[in-house]
Structure formats: structure tokens, C-alpha cells
Amino acid sequence: MPEKPSRAMRLGIAGPVGTGKSSLIALLCRQLSDELELGVVTNDIYTDEDARMLRAAGVLDTQRIRAVETGACPHTAIRDDITMNAIAIEDLESDFPGLDVVLIESGGDNLTATFSPALVDAQIFVLDVAGGGDVVRKGGPGIARADLLVVNKTDLAAYVGVDADLMVQQGFSARDGRPVIGLSRLDTESVTQICDWVRHTLGHYASGEHVAQDPGPMAPHSHGDVTHSH
Ligand SMILES: Nc1nc2c(ncn2[C@@H]2O[C@H](COP(=O)(O)OP(=O)(O)OP(=O)(O)O)[C@@H](O)[C@H]2O)c(=O)[nH]1
Ligand SMILES: [Mg+2]
């Protein structure tokens, strides 16, 4: 029998800038806070803007929303040195015993940033249709191997000349059958689908069957005149 975990499931939400990570967290809080005990940790480079936005949205007790100011590229705090996030999560867990899920938002980064499996039990990678129909094909560890790929803002697809269904299909092809959800906060069916995915994943986690996966390392990239490889 797999060992049952004794703490909340940590669910990471990553993806490029502006694809709708905070909005997805707000949506999940709105939909699930009656049935699940939730907490949130946001990551921003220089501000606590995402946490303030979520507190202002009134979707959760403001004390359950904590901000980590990374002061560096977002992936630094979700992958290289997870200490600040781990402390924020532990503080939340000690202030609110019995949490079911802690949602962790990565700062918006590029296509290669993913959470360390030491920080999260499962992760969602969020793209949006406005980023262009080619993004899924371009690939990257989050697109290929996150526990769930979300193609967000499908309601905007017609306005930006993108075929959202095709993006979702390309997601399935790029992911060896791992799940993909085309999402819009205006499309009730898609909202139900993502809530069901969270319930299903939590069920697996709670029974001890879920194993945290590492989508893979960052691609080499440069900061000014220094080149890093993570
Ligand atoms: N039309 C539409 N807009 C959306 C949807 N989801 C989010 N947005 C909008 O997209 C914009 C960016 O959303 P955020 O949730 O702030 O995105 P983010 O990924 O958290 O952004 P960063 O944290 O800055 O990287 C906001 O104006 C949202 O209102 C959606 O389903 N449909
Ligand atoms: Mg955000």
C-alpha cells in the first residue's frame, strides 16, 4: 500500500507572463473553497502584486494568501533554491492546520521554467491563445511534461486568429497523452473540467498513489553577459 501523505497537496501554476495564472488561482478558489481548505503562495520579482490582486478579488480569507518576493528570475525561487517558498508554505500550514491544497503561482517566466518536484507535488503549465498558435509546437518541459497543460482564454481565440481546438490537439500530441484543457473563465464546461482535474489529482495524492514528476531542467539561457545552465 502506498503511504498516505500527511500534508496539503502543493499544486504549482507556471507559464509565461500574463497567460492567466493568477486568474486561474482566483477561479479555483472561487469554485473549490466551499469543499476544500485552500491556501495560496504567489511569487513576484519585486512586488506582492499578484497576492494583492487575489486578496482584492475576495476569493479567499486574505490571511490564506502569502507573497514571496523572489528578487530574481522567477525560476530561481521555484527551482534552484526553493527555501523562500518552502517557508511560506510551512507558515501557511502551521497557521491553517488541515489545508487540503496549497496553490503556488510562479512569477511569469519563459517557456522553460518549471517547478522543482521538491517544492510541488503536481504542476499546471498555462499558455494562452493570445500568445499565438505556434507556442505549443515550440514545446519545452512544462508544455511536454507538466501534470496538466492549460490553453487559456479560448474565448479570445477568434479575435486573435488562433484555432484553440488545434492548440489543444497539438498539446495532446506533444504530451504523450498527458491531459490538456482548453479553458476560458466564461466557458462553464471548461471550468468544471479543470475543477474535476484538481479533485481527481488530489484524490490520487491523498491515497498516496501520486508521484511528483520533474518536467525537466531549464534550457541554458543568458542573463546579460553571463550564461547559466540549470
Ligand atoms: N478573455 C479572457 N481573459 C482572461 C482569462 N483569464 C485571464 N484573463 C485576463 O488575462 C490577463 C492576465 O491575467 P493574469 O491572471 O493576471 O495573468 P498571470 O499569468 O497571472 O500574469 P503574471 O503573473 O503577470 O505573469 C488579465 O487581464 C485577465 O483578466 C480568460 O479566460 N479570458
Ligand atoms: Mg499573476
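Helices (H or I, at least four residues) and strands (E, at least two) are DSSP runs, numbered from the N terminus. The model on your screen is predicted, so local features need pLDDT of at least 70 and side-chain atom pairs count only at pLDDT 80 or more, while totals for chains, interfaces and linings use all residues. Residues are numbered from 1 along each chain as its sequence is written, with chains lettered from A and ligands numbered from 1 in the order in which they are written.

Start by selecting residues 11-166. That stretch is 36% helix and 21% strand, with its end C-alpha atoms 27 Å apart.

Seven strands form an open sheet in the order 3-2-4-1-5-6-7, with parallel pairing (at least two DSSP bridges between two strands). At its edges are strand 3 (65-69) and strand 7 (180-182), each pairing on one side only.

Now pick strand 1 (residues 9-14) and strand 4 (residues 101-105), a parallel pair over five bridges. Gly12 stands opposite Ile104 in strand 4.

Finally, centre on ligand 1. Which residues are closest? Among the 15 residues that surround ligand 1 (C-beta atom, placed from the backbone, within 6 Å), they are Gly20, Lys21, Ser22, Ser23 and Gly108. Helix 1 (residues 21-32) contributes the most to this shell, with three residues.
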